[in-house]
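Open the structure in your viewer and keep the selection tool at hand. The tour goes from one residue to its surroundings, then to the chains as a whole.

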There are 2 protein chains.
Amino acid sequence: MGGVLRVVSGSLGWCVTIRFPRPTKAGIPLAPSSHERGSFADQRRSHAYYRGFRSTPKKYTKLIHGALQLCSFLILLLGLKAVLDSHDLNVNAKTGKLEPTVNFYSVHSWIGLLAMSLFGIQWVGGFVTFFKPGASMEFRKAVMPAHRLLGTIIFVCSLSAALMGVAELSAWSMKCWLDDKVICTEMLIANLFAVILMGFAGTVLFLVAHPSWIRQPLPSDM
Amino acid sequence: MGGVLRVVSGSLGWCVTIRFPRPTKAGIPLAPSSHERGSFADQRRSHAYYRGFRSTPKKYTKLIHGALQLCSFLILLLGLKAVLDSHDLNVNAKTGKLEPTVNFYSVHSWIGLLAMSLFGIQWVGGFVTFFKPGASMEFRKAVMPAHRLLGTIIFVCSLSAALMGVAELSAWSMKCWLDDKVICTEMLIANLFAVILMGFAGTVLFLVAHPSWIRQPLPSDM
């Protein structure tokens, strides 16, 4: 279910991206899709990892979990760079001159930055506590519920930032319905993308938070 | 912590509302605040109820939980009516003539409708299962994790819809930074409102999902 929604939302994400390239030198089509990828696809894969691979020893799942989150963070940084470039290298369509747009003014960017900051803190905290040098077993046990919950909150924060990005782009660029008073294809795609992203996030939350699906320790983990 | 954030987000919500009344006959200032109230304040109170009142017998907490959610839903309906009125009774500022705006075209409205639909289904399902006529104890036990999780997902969906509303309004109405290239007060308030709403939702999720804070049955509940 989550997988199907992921494929559909990914495809629609590309449609939104391809249909709405902003006028820029910097190849902005990278931005929304890498944003969406970074904040969702890989985070989700990483969150859900412990649910699917129940009989894989913890030391491997842990490694893959950390690596996937790192990938997710790097893709997110790439998306951020693309957005910053698209602002800094913005060209006025009439005059052809460089006319940089300001950065970090929108509410979408603030929530996005919040998500990224929490993500960074969580990753470093998780690495130090659960990997290298690694805290005592008592401390790990005490911290684990908070680590899980913060992960979920970061996921929700990323979801909100992504959806706010779609809402912002719609309000900025899609004025077609004002003239025709009918919903146009661009808007339909953006709206469907948001609904499916929401459905996808719902399945992830369900999967991760369902008490009876939490990974039970294997004898080899002890 | 959650309470403080609630007060701050509530006040900022009013600021956003009061500073940006849309040109309409219908007193739109009601809309965003009642939206925010309905989708957050009361849902949160209701979610967190089981965490705070641990020694109150279940039959009372259950009653208050259902009543608060119903209030939340009714306030949400009121907000929806205000929005619909503001669209249907929209007046062209130049000609002074009635010029209705189309409804349910924005991505914010789609996610909002999704949240409201799930909310309605959850409330009716909860009422029938846990209140009147009430299902068997086995069925209630089996359904409870799903009821909790769906509640959390609806909360996240409402959060996203609210934040998308702020992002949309910012992109639509706040062009001040385009001229001055500095962040203006309106935008600062909207951005802070969104960040604090996110923080508030984070505390609720933490409170509700922390495994050791789940309400334990009292002897009188058996």
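Start by selecting B:Val102 and whatever touches it. Leaving aside neighbours within four places in sequence, B:Val102 is in contact with A:Trp177, A:Lys181 and B:His87. The model you are looking at is predicted.

Where along chain B does B:Val102 lie? Colour the helices of chain B and you will find B:Val102 in the loop between helix 3 (58-88) and helix 4 (107-130). B:Asp88 and B:Val102 are 14 residues apart along the chain, and their C-alpha atoms are separated by 7.7 Å.

Is B:Val102 buried or exposed? Its relative accessibility is 17%, and buried means under 20%, so B:Val102 counts as buried.

Next, turn to chain A and select A:Leu63, which is in helix 3 of chain A. A:Leu63 has a relative accessible area of 45%. That value falls between the cut-offs of 20% and 50%, so A:Leu63 is partly exposed.

Which helices supply the patch? Helix 3 (58-88) and helix 4 of chain A each supply at least two of its residues. The largest share, 3 residues, comes from helix 4 of chain A.

The mean for chain A is 80, and 77% of its residues reach 70 or more. Among the elements of chain A, helix 4 (residues 107-130) has the highest mean pLDDT, 94, while helix 1 (residues 2-19) has the lowest, 56. Select residues 17-30 of chain A as well: the pLDDT there is below 50, and this stretch has 30 contacts in the model beyond near neighbours in sequence. For the complex, the predictor gives an ipTM of 0.84 and a pTM of 0.85.

Finally, show both chains together. How is chain A superposed on chain B? A rotation of 180° does this, with 0.0 Å of shift along its axis and an RMSD of 0.0 Å. The two copies are therefore related as by a two-fold rotation axis.

Select the interface residues of chain A to end the tour. Of these, 100% are also interface residues in chain B, so the copies meet through the same surface.

Methods
Residues numbered from 1 in each chain as written. Chains lettered and ligands numbered in written order. Predicted model: local features only at pLDDT ≥ 70, side-chain atom pairs only at ≥ 80, totals over all residues. Heavy atoms only, no water. pLDDT = per-residue confidence, 0-100. Helix = DSSP H or I, 4+ residues; strand = E, 2+ residues; numbered from the N terminus. Contact = heavy atoms within 4.5 Å. Buried < 20%, exposed > 50% of the residue type's maximum accessible area, 1.4 Å probe, protein only. Least-squares fit on C-alpha atoms with pLDDT ≥ 70 in both.
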